[in-house]
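Here is a short report on one protein chain. Look at the model first, then read on.

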Amino acid sequence: MSSSFNMNRAILWLGGSGGLPTNETTFAKMLQQRGYRTGLIGKWHQGLSCASRNDHCYHPLNHGFDYFFGMPFTLLNECQATKTPEIHRALRIKLWISSVALGLVPLLLLIPRFAGWFKVPWTVVIITALVAFLFFTTWYSSYGFIRRWNCILMRNHEIIQQPMKEEKVTSLILKEALSFIEKYKHGPFLLFVSFLHVHIPLVTKEKFVGRSKYGLYGDNVEEMDWMVGKILDVIDKEYLRNNTLVYFTSDHGGRLESQEGKSQLGGWNGMYKGGKGMGGWEGGIRVPGIFRWPMILPAGGVINDPTSLMDIYPTLSYVAGAILPLDRVIDGKNLMPLLQGRVFQSGHEFLFHYCGIYLHTVRWHQKDCDTVWKAHYVTPKFQPEEGRACYWSGLCPCSGDVNYHDPPLLFDISRDPSEEHLLTPENEGLFDAVIKKMEEAVKEHRRTLMPVPQQFSVFNTIWKPWLQPCCGTFPFCGCDKEDDTLPTGL
């Protein structure tokens, strides 16, 4: 699932028709086939329906999960009525201006009639008014109700809150996660807790607001830390500690463009350049990876070798004794030998970093040494130039108004993780040899790629009323079936 469009780089509507194809084998499906009870608590954002609002072809329960509770979408500013909208803000401004302009046309046509100059036929006035009304309702029916259409809670196939009550969602997600462990503690289980944290609009319980010296983002991090602690506590309390692999990670670095005044809402990436959605800079792709499995993994170890979130798939396959699909290239590597200290490199000689469908960056870890080279073929144009993000546009584009580099920008990440010291043929004798090796790797990599249906095509990403999930009678959707009574302490 990737996009060739800068505007549609993710699923934008629950009423869209794109999603994770049903012929994909997820790690949840692999473990489900091995007898594991599998649960997803939190956000999904991999699509929902294909042809009708209730077919749920992309639903988690169709991808190997026995139980789902949470958002079938992701958090947006629109999920809070007081926040500034973020989906297609520039486009929406143009649509509003166009709507006002069209709405003025029938009024202007009435001026000659009432001024006595000449009579414009009423048919013309009515048709232009109807065109203006249809134009407005066509776009406003989707953009004007994003909170109600997208920000919902589901339990399995049932909508339980539409729109969701963001002040309750943290406690509900934690309650469901703890309940899942309690219910399936006597057998093998996979619990995937996909936190809504730390993602704008930074939904935070009142008791955590103001606890951090780093503002609302810090408060949100502290709340997530508390939730992780509660989950680990129940694992320990049920004597599951020694036979439960726990893995904590993130899907990308902080989004630097998310700001409110002087507050950094999208997080910060320390010494690493760039952030979320930039293709290849370290600040957008270097994320925490913390493993815990007493008796199996040595405690306190630190691994600096480059790994990938793609490694989750073969690692869980190995742990569960499952068989990976044989009809496709599996890019991830089993991390268990690396985590246990039996080897010192992950097996990733090359890693390829994309922005949408566009290859931006290649990373090469030489097999015979600790050197990690990184070449940027494409980089975003920061706004302003001296900044470290695309502050003016809100998110860096993947193509078009970007920097193309020939020869590519080369860095030695093992010695310069901040990507501050550019290597050139003049100051690096291995420059030409390294670039040639990377170009050969790119050619080999591209031979393994297969064309697939574009899930983020224009048609798939536009809102379709007949696919819109609805609790009640469409378009008057809305309900709250969730029990607000929460366990003590949550």
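## A disulfide near the end of the numbering

The link of C471 and C479 is right-handed, with 120° about the S-S bond. The two sulfur atoms lie 2.1 Å apart. This meets the rule for a disulfide, a pair of cysteine sulfur atoms within 2.5 Å. C471 is buried at 9% relative accessibility. C479 is buried as well, at 19%. Buried means under 20% relative accessible area, exposed over 50%, and partly exposed in between, with a 1.4 Å probe and protein chains only.

## Basis of the model

This is a predicted model: local features need pLDDT of at least 70, side-chain atom pairs count only at pLDDT 80 or more, and totals for chains, interfaces and linings use all residues. Residues are numbered from 1 along each chain as its sequence is written, and side-chain values use heavy atoms, with hydrogens and water left out.

## The other disulfides

A disulfide is a covalent bond between the sulfur atoms of two cysteines. By the distance rule, the count is 6 disulfides. With the bonded cysteines numbered in sequence order, the pairing reads 1-2, 3-4, 5-8, 6-7, 9-11, 10-12.

C50 and C57 form a disulfide with sulfur atoms 1.7 Å apart. Their link is right-handed, at 95° about the S-S bond. C50 is partly exposed, with 31% relative accessibility. C57 is buried, at 11%.

C355 and C398 form a disulfide with a sulfur separation of 2.1 Å. This link is left-handed, at -65° about the S-S bond. C355 sits in strand β10 (residues 350-355) and C398 in the loop between β12 (372-380) and β13 (402-412), so the pair ties together parts that are 43 residues apart in sequence. Both ends are covered: C355 has a relative accessible area of 2% and is buried, and C398 is buried at 3%. For another cysteine, C369, the relative accessibility is 26%, which counts as partly exposed.

The chain holds 11 helices and 16 strands. These are DSSP runs, numbered from the N terminus: helices are H or I with at least four residues, strands are E with at least two.

Two strands pair if DSSP finds at least two bridges between them. Strands of a sheet pair through backbone hydrogen bonds, either parallel or antiparallel. Strand β1 (residues 37-43) pairs with strand β2 (residues 67-71) in the parallel sense, over 5 bridges. Within this pairing, G39 has Y67 of β2 as its bridge partner.

## Annotated transmembrane regions

An unreviewed UniProt entry places the feature "transmembrane region" at residues 95-115 and 121-146. Its positions are given in the numbering used here, feature names are shortened, and annotations may be inferred rather than shown by experiment.

How much of each span is helix in the model? Residues 95-115 are 100% helix and 0% strand, with end C-alpha atoms 31 Å apart. Residues 121-146 are 88% helix and 0% strand, and their end C-alpha atoms lie 38 Å apart.

## A residue in strand β12

T379 lies in strand β12. Is T379 buried or exposed? T379 is buried, with a relative accessible area of 3%. Leaving out residues up to four places away in sequence, T379 touches W281, V402, N403, H405 and L409. Contact here means heavy atoms within 4.5 Å. T379 and G472 are 93 residues apart in sequence, and their C-alpha atoms are 47 Å apart in space.

## The chain as a whole

The C-alpha trace spans about 90 × 65 × 50 Å along its principal axes.

Of the 490 residues, 48% count as buried. Among contacts with a separation of 6 or more, 67% join residues 24 or more positions apart. The accessible surface comes to about 25,100 Å², and 58% of this surface belongs to carbon and sulfur atoms. Accessible areas come from the Shrake-Rupley method with a 1.4 Å probe; for residues, only the protein chains shown count as cover.
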